[in-house]
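Take a walk through this fold, one region at a time. Keep the sequence at hand as you read.

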Amino acid sequence: MTDNSTPVAGADKPLRLGTRRSKLAMAQSGMVADAVSEVTGRAVELVEITTYGDTSREHLAQIGGTGVFVAALRDALLRGEVDFAVHSLKDLPTAQPEGLVLAAVPVREDPRDVLVARDGLTFEQLPSGARIGTGSPRRMAQLNAYARNHGLDIETVPIRGNVDTRIGFVRSGELDAVVLAAAGLSRLGRTGEVTDFLSVDTVLPAPGQGALAIECAETSADLAAALAELDDPYTRAAVTAERALLAALEAGCSAPVGALADFLADGQAVNELRLRGVVGSTDGSSLVQLSTTGPVPTSQDDAAALGRELASEMLAKGAAGLMGERAL
């Protein structure tokens, strides 16, 4: 039976952390659980929740992408069945729902995409006609554009499934390579299987890639304050800029949009935030890729303004026509 009681401040009752059931989600949530235990002094138990994105066999672009891994976790939070939830930030819709607060964005993992290819091959070493699996229109657009510009002959193949399933396509010989997020493999302790780290100059990651989001109910003020100790202001500013770009493009997380914000330093002093964005047609024939820099944001609003500014420049260059169906 589900315990719907409001979480109490007492240390006698474990905090309930809502998580997806995948190996990666469980690994991520386990890391957050340990950190939360440390800052609160309370035990944390994982509550496994199945989301629509986990059970649907359709491709993410077909089922809408935005929120398919998130809605069930948020519903459990709003019903009081869990006290807080951990998401991959790139899966979160850009609009924050009523009643929930993004309490913490911890330090980001490596945001890059990686290649896992047969025979230890790098992207440049793949044979002519190589079949590369990915479920992401963003990755397809940029890989195909890079291949076109460098005289490489590749075929991008849409795939779904968890890390084991995807890498299994390579091990079985069905595909020559698959593209995955570096952060996921790192959190699973499987970085050794990577055959190439793809430069962000080749493939810009998804907005928020490599970062986690810790969410709780607005009414849980004490818990939100404790979780906020895990927040990394640099990571939050960067992903805020990236997600503002995505929102201003009116694109969902299944759209072919890449973005990465990073901090530029002059010696020891961090003095600028650089934001790069890309939108492309999945065949790689058209790409709008721009960047902008601004002073280090002093607020989330400043970071978001940088994202909106770059989005408007990209729209002026024709980005809207490359995104297929716009998010409603």
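Start at Thr-292. Setting aside neighbours within four places in sequence, Thr-292 is in contact with Leu-273, Arg-274, Leu-275, Leu-306, Glu-309 and Leu-310. Contact here means heavy atoms within 4.5 Å. Thr-292 sits in strand β13, residues 287–295. Strands (E, at least two residues) and helices (H or I, at least four) are DSSP runs, numbered from the N terminus. Thr-292 is buried, at a relative accessible area of 10%. Buried means under 20% relative accessible area, exposed means over 50%, and partly exposed falls in between (1.4 Å probe, protein chains only). The Thr-292 side chain also makes a polar contact with the side chain of Glu-309, at 3.2 Å. A polar contact is a pair of N or O atoms within 3.5 Å; within protein, one must be able to donate a hydrogen and the other to accept it, and residues adjacent in sequence count only if both atoms are side-chain atoms.

A word on the basis of these values. This is a predicted model, in which local features need pLDDT of at least 70 and side-chain atom pairs count only at pLDDT 80 or more, while totals for chains, interfaces and linings use all residues. Residues are numbered from 1 along each chain as its sequence is written, and side-chain values use heavy atoms, with hydrogens and water left out.

Leu-275 leads on to Gly-307. Gly-307 belongs to helix α10. Gly-307 is buried, with a relative accessible area of 0%. What does Gly-307 contact, leaving aside neighbours within four places in sequence? Its partners are Ala-241, Ala-244, Leu-245 and Leu-275. Gly-307 and Leu-275 are 32 residues apart in sequence, yet 7.4 Å apart in space, C-alpha to C-alpha.

Leu-245 brings in the largest nonpolar core. This core has 21 residues, and Leu-245, Leu-249, Val-279 and Met-314 touch the most other members. Two or more residues each come from α9 (233–248), β11 (257–266), β12 (269–280) and α10 (300–316). Another core lies apart from it, with 17 residues, including Leu-15, Ile-214, Ala-224 and Leu-230. A nonpolar core is a set of buried Ala, Val, Leu, Ile, Met, Phe, Trp, Tyr and Cys residues joined through side-chain atoms within 4.5 Å. In soluble globular proteins, nonpolar side chains tend to be buried together.

Leu-15 points to strand β1. Why is β1 (residues 15–19) largely enclosed by the rest of the structure? Five of its five residues are buried. Both faces are covered: Leu-15, Leu-17 and Thr-19 are buried on one side, Arg-16 and Gly-18 on the other. In a regular strand the side chains alternate between the two faces of the sheet.

β1 runs parallel to β2 (residues 44–48), joined by five bridges. Arg-16 has Glu-45 as its bridge partner in β2. With helix α1 (residues 23–40), β1 and β2 make a right-handed β-α-β unit. Right-handed means that, with the strands pointing away from the viewer, the path from the first strand over the helix to the second runs clockwise. β1 also pairs with β3 (residues 84–88), in the parallel sense over two bridges. There, Phe-84 is the bridge partner of Leu-17. Two strands pair if DSSP finds at least two bridges between them.

Now look at an open sheet. Its five strands follow the order β7-β6-β8-β5-β9, with mixed pairing. β7 (154–157) and β9 (196–197) each have a single partner strand at the edges, so one side of each lacks a neighbour in the sheet. β6 and β7 run parallel over four bridges.

Finish with the aromatic rings. A search of the whole structure finds two aromatic pairs. Phe-123 and Tyr-146 form a tilted pair, 5.6 Å centre to centre with 45 degrees between the planes. Rings of Phe, Tyr and Trp (its six-membered ring) pair if their centres lie within 6.5 Å; planes under 30 degrees apart count as stacked, over 60 as edge-to-face and the rest as tilted. Phe-123 is buried at 4%, and Tyr-146 is buried at 15%. The Tyr-234 and Phe-263 rings have centres 4.9 Å apart and planes at 80 degrees, so this pair is edge-to-face. Tyr-234 lies in helix α9 and Phe-263 in strand β11, so the pair ties together parts 29 residues apart in sequence.
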